[in-house]
Amino acid sequence: MPEWNLAGPRYKYPVSSAELERRLSAVQAAMRDKGLDCCIAQTQSTIFDSITRYLTDSAANPYSTTLLIPAQGGLVLINHGVEMDPAPIPPTLRNVEKLIRKPYCQPFGCTDGMIGAVLSREIRSRGFRRIGVILRQLMSADTLEGVREGVPGCELVDFTAEFSRIKAVKSPEEWALIDRCLRAHEQLMAMVPALLRPGRMEYEVLADLEHASRYLCCDWLGNVAVGSAPGGGGVPFHQNPAANRRIERGDGVTVMIEVSGPGGIYGELARTFCLGEPALALLELYETAKGAQHAVAAAARPGVTGRALNEVFDDFVTARGIAKNGRFAGHGQGYDMMEAPVICPQEEMALEEGMFLAIHPELMRDGQFSICCDNFRVAAGGAERLTRTEQRIFALEF
């Protein structure tokens with residue numbers, strides 16, 4: 001990968017400075033088109049880290065990272081740490097012209113207002129008044145209240161749709177990272193048969209997959225989950241606190257792997273395995289899930305909205321006696337584990353060529369659960385499946 005000289009041996013897969021500049025330029029051009037002086041954004045989770053990672057190629061701090069994005073020029077980044085205002089900017093932190101460290105921590109009420117006060121000061125010093133907010137569900141009330149109070153007369157404008165649309169269409173460098181991510185998911189899923197045997201606990205299988213993902217240079221463990229059920233049946237998967245059942249001969253086992261690959265792009269892959277013969281009802285339900293996925297993928301062409309794809313999904317499953325989509329039948333992926341556009345009744349964003357999607361029908365019928373989950377690229381004729389793992393229920397002999 002490019003730019004090793006910027007990152008040194010401790011940074012695995014940095015993107016090029018030219019790519020980072022392309023991203024920032026596209027975001028700032030859209031800001032100017034909307035008449036914004038700046039945007040503010042905050043991330044507090046490695047599964048929803050797109051803003052910081054997208055613009056700086058640096059992961060957000062678990063204590064939260066806050067960005068001030070001017071309509072022109074470099075970024076101001078506020079991070080947790082020993083008080084330094086300003087702090088030296090390391091060569092790995094690109095697109096940033098000012099770094100500020102403050103000793104805030106969300107559980108400590110005595111540090112309330114610290115981020116908002118610093119952010120407001122930086123906004124006032126630049127004379128900004130019309131301020132875009134990106135992904136406001138990720139911003140703390142403390143920070144937004146601080147800006148409203150600290151920048152008198154400011155106007156807060158939602159900029160989420162514009163930002164989401166820009167980052168949803170992947171660049172050639174991003175597609176190279178996506179390929180690494182997809183191959184890592186396939187390798188992890190290929191390990192599962194060797195990890196399943198009677199007597200093992202669900203959490204042991206889960207832990208083995210998490211451990212292996214680190215050896216494959218995956219960045220973050222977003223959602224690794226395992227669920228099992230007797231009689232070759234289907235069951236939802238569970239994350240570590242609830243993955244506490246002993247797997248026995250004849251069980252069905254559902255495995256979900258949703259990690260960020262080398263370089264930080266998330267993918268998603270789920271399959272079902274049976275320690276013996278799968279139940280006929282499970283086989284039939286899986287074929288329905290696969291059919292729903294293929295129907296949605298065929299309809300996922302440029303110009304089609306997530307709401308329209310949700311209608312395709314609902315029409316397919318309700319004709320087969322299954323309830324309508326109650327959550328998400330699929331979604332975009334990138335530096336966020338789940339990002340727009342999403343397949344749900346509320347989504348008005350239209351697809352474009354070069355978007356990266358997970359399509360994952362999760363179906364329930366007569367007590368059986370089945371999922372068909374793979375990654376796709378939006379193309380002119382519909383979404384093309386990129387995951388190479390075979391689409392079937394895997395029967396293992398014991």
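**Entry 1: Leu-283**

I began with Leu-283, which lies in helix H9 (residues 280-299). Helices here are DSSP runs of H or I with at least four residues, strands are runs of E with at least two, and both are numbered from the N terminus. I noted that the model is predicted, so local features need pLDDT of at least 70 and side-chain atom pairs count only at pLDDT 80 or more, while totals for chains, interfaces and linings use all residues. Residues are numbered from 1 along each chain as its sequence is written, and side-chain values use heavy atoms, with hydrogens and water left out.

The scale I used calls a residue buried under 20% relative accessible area, exposed over 50% and partly exposed in between, with a 1.4 Å probe and protein chains only.

Next I looked up what Leu-283 touches, leaving aside neighbours within four places in sequence, and found Pro-278 and Ile-393. Contact means heavy atoms within 4.5 Å. I also checked Leu-283 against Gly-267: they are 16 residues apart in sequence, and their C-alpha atoms are 25 Å apart in space.

I then turned to strand E2 (residues 65-70), where 6 of 6 residues are buried. Thr-65, Leu-67 and Ile-69 are buried on one side, and Thr-66, Leu-68 and Pro-70 are buried on the other.

Which strands pair with E2? Strand E1 (residues 38-43) pairs with E2 in the antiparallel sense over 6 bridges. Strand E3 (residues 75-80) also runs antiparallel to E2, joined by 4 bridges. Two strands pair if DSSP finds at least two bridges between them.

I wrote down some bridge partners. Leu-67 has Leu-77 in E3 as its bridge partner. The hairpin of E2 and E3 has 4 residues between the strands, and Gly-73 there takes a positive phi near 95°.

Axes are lines fitted to C-alpha atoms, for helices over the stretch in contact, and angles run from 0 to 180 degrees between N-to-C directions.

In helix H6 (residues 160-168), I found Thr-160, Phe-163, Ser-164, Ile-166, Lys-167 and Ala-168 buried. The buried residues of H6 pack against several elements, among them H2, helix H3 (50-56), E7 and strand E12 (339-342).

How do helix H7 (residues 172-195) and helix H8 (residues 202-215) cross? Their axes come within 10 Å and cross at roughly 140°. That makes H7 oblique to H8, since angles under 35 degrees count as roughly parallel, over 145 as roughly antiparallel, 65 to 115 as roughly perpendicular and the rest as oblique.

I looked up who meets whom. Leu-188, Met-191, Val-192 and Leu-195 in H7 meet Val-205, Asp-208, Leu-209, Ala-212 and Ser-213 in H8. The residues of this contact divide into 7 nonpolar, 1 polar and 1 charged. Ala, Val, Leu, Ile, Met, Phe, Trp, Tyr, Cys and Pro count as nonpolar, Asp, Glu, Lys and Arg as charged, and the others, Gly among them, as polar.

Most residues other than glycine have a negative phi, and most peptide bonds are trans. I looked for exceptions.

Ser-64 has a positive phi near 105°, and sits in the loop between H3 and E2. At 2% relative accessibility, Ser-64 counts as buried. Asp-366 has a positive phi near 50°, in the loop between strand E14 (362-365) and strand E15 (368-371). Asp-366 is exposed, with a relative accessible area of 77%.

I also found cis peptide bonds. One joins Asp-85 and Pro-86, with omega about 5°, and Pro-86 is in strand E4. Another joins Ala-340 and Pro-341, with omega about 0°, and Pro-341 is in strand E12.
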